[in-house]
Amino acid sequence: MTDKALLLVNLGSPASTEVADVRRYLDQFLMDPYVIDLPWPLRRLLVSLILRRRPAQSAHAYASIWWPEGSPLVEISRRLHRAVIPHWPHGPVELAMRYGEPSIEGALLRLAGQGISHVVLAPLYPQFADSTLTTVVEEARRVIRQQELDLELSVLPPFYDQPEYLDALLARARPYLEQGFDHLLLSFHGLPERHLHKRDASGAHCLKGAECCRRAEGSVLEGCYRAQCLRTAHGFAERAGLGPQRWSLSFQSRLGRAKWIEPYTEARLDELAAEGVKKLLVMCPAFVADCLETLEEIGQRGREQFLAAGGEEFVLIPCLNDDPAWAQALVQLCQRAPVEL
Ligand SMILES: C=CC1=C(C)c2cc3[nH]c(cc4nc(cc5[nH]c(cc1n2)c(C)c5CCC(=O)O)C(CCC(=O)O)=C4C)c(C)c3C=C
Ligand SMILES: [Fe+2]
Ligand SMILES: [Fe+2]
């Protein structure tokens, strides 16, 4: 029966490392109100300022990690897509990117054209944020509304604490853990603090103390990216049998002057070297596919920083990527967990 399609959605990348393509991509990305949550005129002004210098800098960074097939994030997502297809018994599997190509619009039009009536939307982000999950769901809804498609949607919720995901992470990390290390740093993508406050309607929970996100439950946990990152990190460390001294958590990829959630990865790299850590393992569990933020920011700049600060060995554990066990685990999640919209 071909009545229930699966649509995998990742973030997306520029079409090439040309500055003009990077500018186009950054414009689409940063003008998304779920990413820069300012009223349109202010957002336009801020993004135009960012677009004066950032495209050239980012193009240079992208060029240093680009693959012959194109963007690592997009190519890895394509490989994951191919690995998932044989495991999904309910119908076609499509791949889309929230920004750039292949688009969510194109994928939904193709599925509707095949007579599909139900789509399971799988945003490939373990932790919830408006800039990850909400924007994907809203884009899918916009396309269905504007194109008048007869499609029902359900969505894979954040899977930050799900055994399928944590087990896949551990299987990925185990060979690196077994080789010995002084410390494991779990570096998550950061988020402006404002995005957390906005989701904490009571104003009483989020960022009210070092442990507030650790204790979050119910709707507070559902809306708190930081709390979900902490759950992932503690869940992973427990499964790996790591004591509190063997690992820590940080947040990377800060953009602009606003305060982002702490501790910052950059600061932690210096601290760990100063504390005498010689061999550092780094894993980035907010990303299911290696991308600019893991390969360049951590794998190149993070490595240089740690070694310059006195560290001796820096090992970046690859993301889950197209690992066959992860492809199977993802299908299990998509069969077990989707929520009707
Ligand atoms: C993993 C989840 C992600 C969250 C949360 C997120 C929030 C967020 N990001 C920016 C700004 C940028 N992010 C950029 C790259 C990038 N971000 C994610 C994921 C999350 N972002 C990924 C997977 C990537 C890599 C894309 C790739 O092509 O490899 C970039 C672009 C690159 C650059 O110029 O540095 C920007 C800009 C904001 C502002 C934000 C939260 C509000
Ligand atoms: Fe980002
Ligand atoms: Fe919180």
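Reader: How many other C-beta atoms sit within 10 Å of N321?
Author: N321 has 19 other C-beta atoms within 10 Å, so it is partly exposed. A residue is buried if 20 or more other C-beta atoms lie within 10 Å of its own, exposed if 12 or fewer, and partly exposed in between, with C-beta atoms placed from the backbone.

Reader: Before going on, what are the ground rules?
Author: This is a predicted model, in which local features need pLDDT of at least 70 and side-chain atom pairs count only at pLDDT 80 or more, while totals for chains, interfaces and linings use all residues. Residues are numbered from 1 along each chain as its sequence is written, and chains are lettered from A and ligands numbered from 1 in the order in which they are written.

Reader: Now the ligand. Which residues come nearest to ligand 1?
Author: S13, S58, H189, C291 and L292, out of 23 residues around ligand 1. A residue is near a molecule or strand if its C-beta atom, placed from the backbone, lies within 6 Å of it.

Reader: What is the makeup of that shell?
Author: The shell around ligand 1 has 13 nonpolar, 8 polar and 2 charged residues. Ala, Val, Leu, Ile, Met, Phe, Trp, Tyr, Cys and Pro count as nonpolar, Asp, Glu, Lys and Arg as charged, and the others, Gly among them, as polar.

Reader: Which helices supply at least two residues of the shell each?
Author: α2 (40-65), α5 (130-146) and α12 (292-308).

Reader: Where does ligand 1 lie relative to the domains?
Author: Between domain 1 (4-159 + 323-340) and domain 2 (163-316), because both give residues to the shell. The domain bounds come from an automatic or database domain assignment.

Reader: Different topic. What is the strand order in the open sheet with 5 strands?
Author: The order is β2-β1-β3-β4-β9, with mixed pairing. β2 (93-97) and β9 stand at the edges with a single partner strand each, so one side of each has no neighbour in the sheet. Two strands pair if DSSP finds at least two bridges between them.

Reader: How many bridges link β3 and β4?
Author: β3 (residues 118-123) and β4 (residues 152-155) pair in the parallel sense over 4 bridges. The chain goes from β3 through α5 to β4, and this β-α-β crossover is right-handed. That term applies if, with the strands pointing away from the viewer, the path from the first strand over the helix to the second runs clockwise. Bridge partners include H118 with E152 and L121 with V155.

Reader: What about β4 and β9, parallel or antiparallel?
Author: Antiparallel, with 2 bridges joining β4 to β9 (residues 339-340). S154 has E340 in β9 as its bridge partner.

Reader: How many residues of β5 are buried?
Author: 7 of the 7 residues of β5 (residues 183-189) are buried. β5 runs parallel to β7 (residues 279-283), joined by 4 bridges, and L185 stands opposite V282. β5 is also parallel to β6, joined by 6 bridges, and S187 stands opposite S250.

Reader: Overall, how many helices and strands?
Author: The protein has 13 helices and 9 strands. Its radius of gyration is 20 Å, close to the 20 Å that the globule rule gives for 341 residues, so the protein is as compact as a globular protein of that length. The radius is taken over C-alpha atoms, and the rule is 2.2 Å times the number of residues to the power 0.38. Of the 341 residues, 44% count as buried.
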